[in-house]
Amino acid sequence: MSVFNPECTSNYFQVLDIDPSECTGGNPYGFACRIKVAGRSFDFDGLDMGDLQAMKGAINKAMTHARRARREWEGAQE
């Protein structure tokens, strides 16, 4: 089960665009990420689009690896 299950109100994640007036230098592509899981919080400020793309790429790579491993495991079970 996902740790971000909608029925679980204590875990969450948010990716927020930052108002340019709040950013040093007025960066219109500034982002913040807030994650809370099992009572532990992680906050990341000052991310840019490149950072988000890199995170997305790493997540996609992990998901592709997991899908491939599952297909191989299921094939071995037959």
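Asp-45 and Arg-34 are joined through their side chains by a salt bridge, with an N to O distance of 2.9 Å. A salt bridge here is a side-chain nitrogen of Lys or Arg within 4 Å of a carboxyl oxygen of Asp or Glu. Asp-45 belongs to strand 3 and Arg-34 to strand 2, so the pair ties together parts that are 11 residues apart in sequence. The model is predicted: local features need pLDDT of at least 70, side-chain atom pairs count only at pLDDT 80 or more, and totals for chains, interfaces and linings use all residues. Residues are numbered from 1 along each chain as its sequence is written, and side-chain values use heavy atoms, with hydrogens and water left out.

**Salt bridges**

- By this rule, the count of salt bridges comes to two.
- Asp-45 is exposed, with a relative accessible area of 53%, whereas Arg-34 is partly exposed at 23%. Buried means under 20% relative accessible area, exposed over 50%, and partly exposed in between (1.4 Å probe, protein chains only).
- Arg-70 forms a salt bridge with Glu-74, and the closest N and O atoms are 2.9 Å apart.
- Both Arg-70 and Glu-74 lie in helix 1 (residues 49-77), four residues apart, which is about one turn of the helix.
- Arg-70 is exposed, with a relative accessible area of 55%, while Glu-74 counts as partly exposed at 33%.
- In general, side chains of opposite charge can pair when their charged atoms come close.

- Three strands form an open sheet in the order 1-2-3, with antiparallel pairing. Strand 1 and strand 3 stand at the edges with a single partner strand each, so one side of each is left without a neighbour in the sheet.
- Neighbouring strands of this sheet are turned by 10° against each other on average, direction ignored. Axes are lines fitted to C-alpha atoms, for helices over the stretch in contact, and angles run from 0 to 180 degrees between N-to-C directions.
- Helices (H or I, at least four residues) and strands (E, at least two) are DSSP runs, numbered from the N terminus. Two strands pair if DSSP finds at least two bridges between them.
- Strand 1 and strand 2 pair in the antiparallel sense over six bridges; the bridge partner of Val-15 in strand 2 is Cys-33.
- Strand 2 (residues 31-37) and strand 3 (residues 40-47) run antiparallel and are joined by six bridges. Phe-31 has Leu-47 as its bridge partner in strand 3.

**The hairpin loop**

- The hairpin of strand 2 and strand 3 has two residues between the strands.
- Ala-38 lies in the loop between these strands and has a positive phi of about 50°, although it is not a glycine.
- At 67% relative accessibility, Ala-38 counts as exposed.

**Helix placement**

- Helix 1 lies across strand 1, strand 2 and strand 3, and runs at about 130° to strand 3. Contact means heavy atoms within 4.5 Å.

**Nonpolar surface patch**

- Val-3, Phe-4, Phe-13 and Val-15 form a nonpolar patch on the surface, with about 350 Å² of accessible area together.
- Patches are made of residues with over 30% relative accessible area and no salt bridge; like charges are joined within 9 Å, and nonpolar side chains (Val, Leu, Ile, Met, Phe, Trp, Tyr) within 5 Å. Accessible areas come from the Shrake-Rupley method with a 1.4 Å probe, and for residues only the protein chains shown count as cover.
- Phe-4 is placed in the segment before strand 1 (12-17) and is partly exposed, with a relative accessible area of 30%.
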